[in-house]
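Please keep the sequence and the structure in view while reading.

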Amino acid sequence: MNIQVYENAAQIGKAAGALFAAKIIEKPACVLGMATGSSPLPTYAALVELYEQGVLDFSEVRSFNLDEYVSIDRSHEQSYYRFMFDNLFSKVNIKAENVQVPYPVSPDPNSDCAAYDAAIDAAGGIDLQILGIGNNGHIAFNEPSAVFPFGTHIVDLTQSTIEANKRFFASADDVPRKAITMGIGSIMKAREVMIIATGAAKAPAVKAMLQGDVDPQCPASILQLHPAVTVFLDTEAAALL
Ligand code: F6R
């Protein structure tokens with residue numbers, strides 16, 4: 001693992017943005033795995049800046065998002081679909097038909113999950129996946145559990161995640177209880193992964209991810225087995241290492 005520690009989130013945004021930019025320049029029709037939440041925002045801002053400077057062309061880029069709440073509409077201001085358009089997709093020349101955010105629409109959500117994994121495979125797999133990490137060690141919405149779930153699936157969010165995400169909603173009661181998420185297998189199949197963690201609240205999860213056992217109770221610990229991971233930390237998130 002390539003572990004990089006920076007003073008603040010803005011510096012991480014520049015460094016992680018540069019890694020994304022290098023991928024898009026090397027392979028204009030690359031497949032990017034996208035995350036939502038606070039952690040990737042400075043990275044997306046850096047990508048928008050590079051696009052506005054004429055450095056990047058997203059016209060052939062395809063993307064697949066990690067996850068989405070199940071019970072809210074895509075137009076809801078906290079839907080991850082909307083998040084991606086507000087923070088990145090509407091600000092660069094990526095084609096709307098080339099972006100996918102999982103969302104179960106059929107009466108059998110499991111078939112939607114299988115179709116999402118099949119679509120990623122059909123696109124040739126993910127070249128570069130960006131991740132954040134939950135305070136409880138989750139990646140995407142793969143919550144701590146007895147096993148590492150393999151493919152895209154529907155998940156019940158844990159109380160810890162509901163608490164962490166209530167800052168985006170009027171109250172904890174308004175946070176959706178279910179989500180659709182890529183599985184650990186879907187993430188591990190990405191050719192390259194980057195994970196960003198900032199702030200003291202992430203420090204215990206970062207320690208467990210990097211220095212603990214590979215254990216589904218800390219889903220991010222699986223990344224110890226991935227051959228090409230870059231970890232971007234600020235000094236607070238790195239404090240327990
Ligand atoms: C978001 C996602 C989540 C977040 C994680 C950290 O698509 O998959 O795993 O990356 O909850 O969230 P932030 O970055 O808001 O601390």
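In what order do the three strands of the open sheet with antiparallel pairing stand? The order is β4-β8-β7.

The model is predicted: local features need pLDDT of at least 70, side-chain atom pairs count only at pLDDT 80 or more, and totals for chains, interfaces and linings use all residues. Residues are numbered from 1 along each chain as its sequence is written, and side-chain values use heavy atoms, with hydrogens and water left out.

**The three-stranded sheet**

- Strands (E, at least two residues) and helices (H or I, at least four) are DSSP runs, numbered from the N terminus. Two strands pair if DSSP finds at least two bridges between them.
- β4 (67-69) and β7 stand at the edges with a single partner strand each, so one side of each is left without a neighbour in the sheet.
- Ignoring direction, neighbouring strands of this sheet are turned by 25° against each other on average. Axes are lines fitted to C-alpha atoms, for helices over the stretch in contact, and angles run from 0 to 180 degrees between N-to-C directions.
- Strand β7 (residues 153-156) and strand β8 (residues 178-181) pair in the antiparallel sense over four bridges. In β8, Thr181 is the bridge partner of His153, and Ala179 is that of Val155.
- The covered face of β7 holds His153 and Val155, while Ile154 and Asp156 lie on the uncovered face. In a regular strand the side chains alternate between the two faces of the sheet.

**The seven-stranded sheet**

- A further open sheet has seven strands in the order β1-β10-β9-β6-β2-β3-β5, with parallel pairing.
- Its edges are β1 (2-6) and β5 (99-100); each has a single partner strand, so one side of each is left without a neighbour in the sheet.
- β2 pairs with strand β6 (residues 128-132) in the parallel sense over two bridges. Gln129 in β6 is the bridge partner of Gly33.
- Helix α1 lies across β1, β2, β6, β9 (192-197) and β10 (229-234), and runs at about 165° to β9.
- Helix α4 (residues 109-122) packs on the sheet and touches β3 (62-65) and β5. The direction of α4 makes about 150° with that of β3.

**Two helices in contact**

- The axes of helix α2 (residues 41-52) and helix α3 (residues 80-87) come within 10 Å and cross at roughly 40°. That makes α2 oblique to α3; angles under 35 degrees count as roughly parallel, over 145 as roughly antiparallel, 65 to 115 as roughly perpendicular and the rest as oblique.
- Leu41, Tyr44 and Val48 of α2 meet Phe83, Met84 and Asn87 of α3. Contact means heavy atoms within 4.5 Å.

**Nonpolar cores**

- A nonpolar core is a set of buried Ala, Val, Leu, Ile, Met, Phe, Trp, Tyr and Cys residues joined through side-chain atoms within 4.5 Å. Buried means under 20% relative accessible area, exposed over 50%, and partly exposed in between (1.4 Å probe, protein chains only).
- The largest core has 59 residues, of which Tyr44, Leu88, Ile195 and Met209 touch the most other members. Helix α1 (residues 9-26) gives the largest share, six residues.
- A second, separate core of eleven residues includes Tyr80, Phe169, Val175 and Ala179.

**A buried loop residue**

- Ser39 lies in the loop between β2 (31-34) and α2. Ser39 is buried, with a relative accessible area of 14%.
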